[in-house]
Amino acid sequence: MSYQTLKRAVTARLEIKKSEFIAYAYPVTSREAAMFHVEQLREQYADARHHCWAYIIGDPNNTTSAGFDDDGEPNGTAGRPILNVLQHKSIGNVIIVVVRYFGGIKLGAGGLTRAYAGSAQAAVDMMTLSDHVPLVQVQILAEFATEAQCRYVVDSIGGHIDDVTYSKQVTLTATLAEADIDSLKERLAMDGRVLDPS
């Protein structure tokens, strides 16, 4: 199943019944990176009442790494609605943190749920998304005379060379889209051989 990822961080602000909700979305690839952003915002907005968040690492349709926190709001009224927006929109490798300044008027459980979901949606509306492309690293065995042609083929299908080792032959380590492996093997044909992962 395909999903989308966030290209760059975004911010959105909402005011609901005098409470201010500031939503931050960041691209992340690990729980540690996600928690780093939560801590940064806790420091930046130390006087805010709540710092509620949700993140998804990897595929939102089949996630093995997702998390959320209501940070003192009534159970299920903040983190879960943020997570639901991310899952509904099929966005992975992302965290949304909503900073709330209490405005003096209680919103009630339903109002809070709508406010946090609305804040997350406002952040999503600001996002520039791109399709997630699964990448894979391969090794290509080539002769010295065909190294340049191998480099050209990798480059022409949007891959890049990560490393080159010279011994009796040349071993190129390349990263490319998983979907392009067959095309790579076909186009290298006489010039190099893609080694099967051991």
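Does Asn93, at 14% relative accessibility, count as buried or exposed, and which value decides what Asn93 counts as? In this predicted model, Asn93 counts as buried because its relative accessibility is 14%, under the 20% limit for that class.

**Sheet**
- Four strands form an open sheet in the order β10-β11-β9-β12, and their pairing is antiparallel.
- The edges are taken by β10 (160-166) and β12 (192-195); each has a single partner strand, so one side of each lacks a neighbour in the sheet.
- From one strand to the next, the twist averages 30 degrees.
- An antiparallel pairing over 8 bridges links β9 (residues 135-142) with β11 (residues 170-177).
- Within this pairing, Val136 has Leu176 of β11 as its bridge partner.

**Helices on the sheet**
- Helix α4 (residues 147-156) lies across β9, β10, β11 and β12, and runs at about 160 degrees to β10.
- Helix α5 (residues 181-188) also packs on the sheet, where it touches β9, β11 and β12.
- The direction of α5 makes about 15 degrees with that of β9.

**Residues with positive phi**
- Asn93, a residue other than glycine, has a positive phi near 55 degrees.
- Asn93 is found in the loop between β6 (91-92) and β7 (94-101).
- Lys18, also a residue other than glycine, has a positive phi near 70 degrees.
- Lys18 is placed in the loop between β2 (10-16) and β3 (19-27).
- Lys18 counts as exposed because its relative accessibility is 60%, over the 50% limit.

Notes:
Residues are numbered from 1 along each chain as its sequence is written. This is a predicted model: local features need pLDDT of at least 70, side-chain atom pairs count only at pLDDT 80 or more; totals for chains, interfaces and linings use all residues. Side-chain values use heavy atoms; hydrogens and water are left out. Two strands pair if DSSP finds at least two bridges between them. Helices (H or I, at least four residues) and strands (E, at least two) are DSSP runs, numbered from the N terminus. Axes are lines fitted to C-alpha atoms, for helices over the stretch in contact, and angles run from 0 to 180 degrees between N-to-C directions. Contact means heavy atoms within 4.5 Å. Buried means under 20% relative accessible area, exposed over 50%, partly exposed in between (1.4 Å probe, protein chains only).
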